[in-house]
Amino acid sequence: MDNKSLKWRIGVVALVLLFSTALVLPTFVDNLPSWWPKKKVSLGLDLKGGIHLVMGADLNVVLQNTAARQAEELRRALAEKSITAISVAKGEGLEIAAEFPDESAMKEAEALLKDNFGNLTILRRPAANRLVLTMTEAEIRTVKEMTARQALETIRNRVDMFGVAEPDIRPQGEDRIVIQLPGMDDPKRAVALIGKTALLEFKLVDRDRTPEWAQVNGVPAGMELQYGREIARDGSEVRVPYLLRKQSLMTGEGLVDARVSRGQFNEPQVAITFDSRGARQFERVTGEYTGYRMAIVLDNMVYSAPNINERIGGGRAVISGAFSEDEARDLAVALRAGALPAPVSVLEERTVGPTLGADSIQMGLRAGVIGLGLVLVFMAVYYRWSGVVADAALLFNFPIILAVLATFGATLTLPGIFGLILTLGMAVDANVLVFERIREEIRSGKTPKAAVGAGFGRAFWTVFDSNLTTLITALVLYQFGSGPIRGFAVTLSVGILSSMFTALFFSRVVFDTALSGRRAERLSI
Amino acid sequence: MSFELIKPGININFMGKRYIFLGLSVAVMCICLGAIAFKGLTMGIDFAGGLLIQARFTEQVTPDNIRQALDEAGLPTPSVQGFGEDGDNEYLINLQGDEELESDVARESTLNQRVTDSLMSFFGEDKVEIRRVEMVGPRVGQDLRQKAMSALYYSILMILIYISGRFEHKWGTSAVLVGALLGALYVASLLGISMVYLIILAVVVTVILCYTLKFEYALGAILALLHDVIITVGVFALLDKEITLSFVAAILTIAGYSLNDTIIIYDRIREHVQKSRKGDYAEIINRSVNETLSRTVLTSGSTLMVVLALYLFGGAVNQDFALALLIGIGVGTWSSIFVSAPALLFWSRPPKADGTNGAPAASAA
């Protein structure tokens with residue numbers, strides 16, 4: 001190749017070196033000028049330590065509740081329009097069954113459905129004057145989407161209030177949330193805080209029967225047994241049963257504030273405040289059921305069941321119970337952040353302690369230094385000057401790969417470090433192929449210059465093709481891999497591309513530069 | 001002069017003894033397939049679901065102590081395994097059991113909290129350090145299995161397609177092959193066949209198509225690839241090593257890398273075939289293998305050096321990953337010399353080589 005093209009290629013190499021160094025610098029140096037790009041190579045949880053959680057929301061529960069509520073709304077709407085219905089009740093799954101005394105009532109009801117209940121559709125007519133309704137597909141989808149989004153928001157709020165640096169919270173599929181909490185090392189507390197539904201419900205305690213009666217004779221329809229936790233005199237915990245009406249009077253939906261306050265005996269309790277709508281509802285409910293006991297149920301646990309002595313206005317209430325100081329505080333956070341719209345369970349948890357992460361980095365680096373050190377020495381001994389060029393090409397990969405990782409915000413994981421080391425081990429393959437070809441060409445009597453040209457030229461497609469298959473698998477792996485494995489796929493594919501550049505382009509520039517000008521008689525290879 | 005591990009004029013008679021080498025490979029493959037079929041693969045918690053806790057103790061502790069701690073808390077009996085070096089007092093505590101895993105956190109503490117609590121109360125809170133927890137519930141386990149199968153399927157499919165086009169410069173026929181392959185797979189997937197069988201089907205269909213279309217290079221490459229993957233998986237079955245996500249990553253990497261040496265040798269064979277229209281095919285193949293021997297050994301050697309360092313010094317967490325790479329890349333080097341090159345002789349005639357049909361076991365000149 002002529003001198004002009006060589007100058008141009010030297011320029012490219014210099015630019016790549018300059019840019020990649022500039023982009024890698026923020027990862028290692030802190031006090032850079034403000035205009036300098038600030039993106040860093042971030043470390044994965046397996047290196048930094050932290051918690052990776054996958055939570056699954058039980059959307060079915062939400063759909064069931066929605067169906068029950070819609071049955072209730074339908075019943076109320078029919079009553080308002082004075083349409084007589086024998087029964088309107090939630091049936092199997094998401095079905096709502098309605099029965100009417102005659103055809104005209106049913107016709108009126110159908111008109112009402114058509115006008116006001118667009119989210120319900122008639123599933124079938126099992127008999128005369130009977131309808132079975134269900135939620136429309138669109139409604140089901142909306143409920144699911146809304147629930148998932150609300151769950152995500154709630155968890156985000158809670159994590160923010162908890163104060164974790166750089167949390168990563170994102171949805172996955174239709175009902176899952178992936179939560180990454182770097183640096184966090186108390187999974188117990190994290191799971192408790194994130195996973196607490198914080199579903200606050202106010203339910204009526206049955207006046208006619210005792211829970212003991214229900215335990216013996218079975219729980220009556222529309223009722224349920226729930227338990228409360230009380231501290232007995234000797235300090236032990238006892239479970240106290242309550243017989244409650246299943247349908248809750250109201251929930252914590254309209255709650256605007258929750259904070260820790262002190263009770264009569266200075267015990268911690270949580271004071272809650274409702275918004276105006278919640279306050280009105282609370283007033284109505286307490287007015288309607290004066291004289292009853294109202295259980296305050298949080299996540300299916302009865303905290304207290306005070307008597308309703310009078311109608312309560314102002315939208316304030318207190319949750320007392322056997323709290324510890326920490327429990328009261330976490331509960332207030334959870335309530336303030338809002339209830340999770342659905343119960344969640346931990347589907348996957350991976351926690352890496354900070355010491356293990358540090359060990360992993362150290363061992364990864366040690367393996368890399370030893371492995372690559374061997375390769376570097378071997379190349380220099382085996383190919384001498386040319387081997388040193390190959391070594392330079394290999395080292396050149398570091399700033400390039402790290403710069404790409406930093407720029408695209410990729411995460412470096414332990415498998416990622418393995419991938420990096422592996423790809424650098426493979427990187428000299430390309431140089432070996434080229435050099436062996438050059439040796440062959442020299443043996444067949446070509447001048448060094450011609451041999452270099454032929455060597456690089458002929459080896460190019462072989463190197464390209466052999467790297468392509470590894471690249472294909474790396475890309476598929478990226479597509480289907482998760483977390484750490486993705487890190488491996490990223491460094492492997494970036495490394496392959498980068499090593500092709502250094503082994504074929506950069507090395508060639510060095511060779512051409514060395515051989516240009518003078519008439520080289522010998523080549524150290 | 002320069003260093004040369006393998007002298008330029010080297011001429012080892014690989015093809016003459018090819019039945020011995022191939023026989024060895026076939027025997028090892030049979031053992032490995034047998035191990036996979038009868039011994040089975042041990043699934044790690046990524047795929048089987050389960051709970052894995054890596055705990056380090058400040059005092060001398062035996063696996064029996066740990067089992068006792070869990071037993072006293074009414075938890076199921078775990079499998080306990082030493083981790084790292086002997087004096088570390090570090091253990092992997094492994095619990096499998098699906099129904100306990102996905103706990104509704106609002107109601108009860110998770111299984112791993114209960115295990116952790118039991119260790120803390122048994123040994124004392126400051127005596128235990130929980131270094132790593134991996135809990136995979138059944139739903140996520142199933143997802144990960146699905147994803148791993150998809151990854152294997154698509155990468156193998158893409159490699160097969162690539163191979164069919166790469167080695168034969170008959171793009172029209174290659175397109176027919178790819179079309180037929182994708183068609184067969186589409187029909188099979190409509191029938192709801194599971195991913196495992198789809199992968200096997202893809203391989204079988206490609207092998208048959210390559211055979212009938214006389215794509216001998218593609219066929220040889222595929223056989224070498226199968227050889228490498230089967231042996232790596234088989235060794236893991238024999239050693240009772242766990243199949244994890246990172247093992248799948250290693251298998252895919254091996255599949256990708258396995259072709260490298262094969263490509264180099266095949267390219268050289270093709271070069272010679274095009275140059276000399278005459279000559280014994282076996283001799284041409286043998287010469288090509290010998291000429292490329294030094295680069296085959298050097299490229300694989302440098303990569304193996306690095307993988308060996310990862311295996312020895314990379315830490316225990318990903319040691320199996322390094323082991324898989326070590327086996328796969330080692331076997332891959334063997335297979336490109338002793339499987340893929342002689343495989344050409346089995347199925348094909350020397351392209352336009354005058355008269356000599358097939359291949360008499362030839363000795364190289």
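Predicted model: local features only at pLDDT ≥ 70, side-chain atom pairs only at ≥ 80, totals over all residues.
Two strands pair if DSSP finds at least two bridges between them.

**A sheet in chain A**

Strands of a sheet pair through backbone hydrogen bonds, either parallel or antiparallel. In chain A, three strands form an open sheet in the order β13-β14-β17, and their pairing is antiparallel. β13 (255-262) and β17 (316-319) of chain A are at the edges; each has a single partner strand, so one side of each has no neighbour in the sheet. On average, neighbouring strands of this sheet are turned by 25° against each other, direction ignored.

Seven bridges hold the antiparallel pair made by β13(A) and strand β14 (residues 268-274) of chain A. Within this pair, A:Arg262 is opposite A:Pro268 of β14(A). Helix α9 (residues 325-337) of chain A packs on the sheet, where it touches β13 and β14 of chain A. The direction of this helix makes about 170° with that of β13(A).

**The nonpolar cores**

In soluble globular proteins, nonpolar side chains tend to be buried together. The largest nonpolar core of this model has 230 residues. Among the residues with the most contacts inside it are A:Met55, A:Ile421, B:Ile285 and B:Val307. Helix α10 (residues 354-407) of chain A gives the most to this core, with 18 residues. A second, separate core has 15 residues, including A:Leu78 and A:Phe100.

A:Leu335 is also one of the residues with the most contacts inside the largest core. Not counting residues up to four places away in sequence, A:Leu335 touches A:Ala198, A:Leu200, A:Gly252, A:Leu255, A:Ala258, A:Val270 and A:Ile272.

**One residue of chain B**

B:Val229 is in helix α9 (residues 216-238) of chain B. A residue is buried if 20 or more other C-beta atoms lie within 10 Å of its own. B:Val229 counts as buried because it has 22 C-beta neighbours inside 10 Å. Leaving aside neighbours within four places in sequence, B:Val229 is in contact with B:Ile251, B:Ile254 and B:Ala255. B:Val115 lies 114 residues away from B:Val229 along the chain, and their C-alpha atoms are separated by 38 Å.

**Two domains in chain B**

Chain B is divided into domain 1 (18-45 + 140-347) and domain 2 (50-136). Taken over C-alpha atoms, the centres of these two domains of chain B are separated by 40 Å. Four residues of domain 1 of chain B are in contact with six residues of domain 2 of chain B.

**Where the chains meet**

The contact between the chains takes 67 residues from chain A and 62 residues from chain B. On the side of chain B that touches chain A, at least two residues each come from α5 (111-123), β5 (128-136), α6 (138-166), α10 (245-275) and α11 (281-313) of chain B. α10(B) gives the most to this side, with 13 residues.

Which residue of β5(B) is the bridge partner of A:Arg350? The partner is B:Glu134.

Notes. Residues numbered from 1 in each chain as written. Chains lettered and ligands numbered in written order. Core = buried A, V, L, I, M, F, W, Y, C linked by C-beta atoms within 7 Å. Buried ≥ 20, exposed ≤ 12 C-beta atoms within 10 Å, placed from the backbone. Helix = DSSP H or I, 4+ residues; strand = E, 2+ residues; numbered from the N terminus. Contact = placed C-beta atoms within 7 Å. Axes fitted to C-alpha atoms, helices over the stretch in contact; angles between N-to-C directions. Domains from an automatic or database assignment.
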